[in-house]
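Hi,

Here is the structure I said I'd pass on. Have a look, and my notes on the helix packing and the aromatic pairs follow below.

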Amino acid sequence: MTNAEAVTVTNKQIIFPDYVTGFPKESDLKITTTTIDLRLPEGSTSVLVKNLYLSCDPYMRICMGKPDPLSSSLVPPYKTGVPIIGLGVSKVIDSGHPDYKKGDLLWGLVGWEEYSVITLTTYSHFKIEHTDVPLSYYTGLLGMPGMTAYAGFYEVCSPKKGETVFVSAASGAVGQLVGQFAKLMGCYVVGSAGSKEKTKFGFDDAFNYKEEKDFSAALKRYFPEGIDIYFENVGGKMLDAVLINMKLHGRVAVCGMISQYNLVDPEGVHNLPTILYKRIQLQGFGVCDFYDKYPKFLDFVLPYIREGKITYVEDIAEGFESGPSALLGLFEGKNVGKQLFVVARE
């Protein structure tokens, strides 16, 4: 695009003013408006995109915390005074990169704004080749959450037909898929979630954890002979209860611990000796370690989607201004399914 053709437009942004302690509030995110040229400088190798769908994910709460040099994290803290970074589905407006041209669709890391200039690095972005499925799926089922479910269940847990599987946060972007993958394997699957509405995801059974006074007793009810695989999304008291209900040589894939992210003092886990006594494999993992398997994942999951054997529930908020409330709703359990918001339909 030449300078003569350049157009300057307004660009709404969701800015991160300062680091957060405890539960975040909508005032912790500010909506502002700036401008952007819809062309890249001569010689640039970046890509200018229009953001269509932006993803709300639990890990983003970790990024809101003040940087602690003594702790490590899979994701870096946000920088203050600039748009927060998240995953999104975008359309290329201008490109100086040989792999992308105007009109291409991609998913990956972008700023929470209407338009972003992105610098491509290994596995930071993926071109969208399959458009016979909803584009919004690339924030969830066909994006990072889908890859997380696939890697955590198949690569970390090494499931076998007939095994017993428990999934916490079973109605979330990742949990609902883990349950369906387990069913496809011929496993017995139980999920937990925060309401009866949220427990309808085709599992063999499910329970509302808010109605259970004793998590261990609840798990014993659903798994009288124990749990082979636990897909961990919440941490805290649920993890404690699961450990004493695991079978010998059980496997735990630690994907997230959303119950702990807003606590100033995280809860302790008291049943850790069980890991030794029952020879339990407890493994944390990050999806970034498995992105080389993304083509294999697509080959696996796309036929199931097209055949209607995998379904995906989305919680879609409309409009850019809905972003802050959509994100914070995750930490209050307001979402049913994968939370995202629409910036533009095309």
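Helix H4 (residues 215–222) and helix H5 (residues 236–243) have axes that come within 8 Å and cross at roughly 50 degrees, so the two are oblique to each other. Bear in mind that this is a predicted model. The H4/H5 crossing is right-handed. On the H4 side the contact uses Phe 215, Ser 216 and Leu 219, and they meet Lys 237, Met 238, Ala 241 and Val 242 of H5. Sorted by class, that contact of H4 with H5 has 5 nonpolar, 1 polar and 1 charged residues.

Now the aromatics: the count comes to 29 aromatic pairs. Take Phe 166 and Phe 223: their ring centres are 6.1 Å apart and the planes sit at 70 degrees, over the 60 degree cut-off, so the pair is edge-to-face. This pair links distant parts of the chain, with Phe 166 in strand S9 (residues 164–167) and Phe 223 in the loop between H4 and strand S12 (227–232), 57 residues apart.

Phe 285 counts as buried at 9% relative accessibility, and Phe 290 counts as buried at 13%.

Finally, there is an aromatic cluster whose members include Trp 107, Tyr 123, Phe 126, Tyr 150, Phe 181 and Tyr 304.

Cheers

Notes
Residues numbered from 1 in each chain as written. Predicted model: local features only at pLDDT ≥ 70, side-chain atom pairs only at ≥ 80, totals over all residues. Heavy atoms only, no water. Axes fitted to C-alpha atoms, helices over the stretch in contact; angles between N-to-C directions. Helix = DSSP H or I, 4+ residues; strand = E, 2+ residues; numbered from the N terminus. Parallel < 35°, antiparallel > 145°, perpendicular 65-115°, else oblique. Left-handed = near helix turned anticlockwise from the far one by under 90°. Contact = heavy atoms within 4.5 Å. Nonpolar A, V, L, I, M, F, W, Y, C, P; charged D, E, K, R; others polar. Phe/Tyr/Trp six-rings, centres within 6.5 Å; stacked < 30°, edge-to-face > 60°. Buried < 20%, exposed > 50% of the residue type's maximum accessible area, 1.4 Å probe, protein only.
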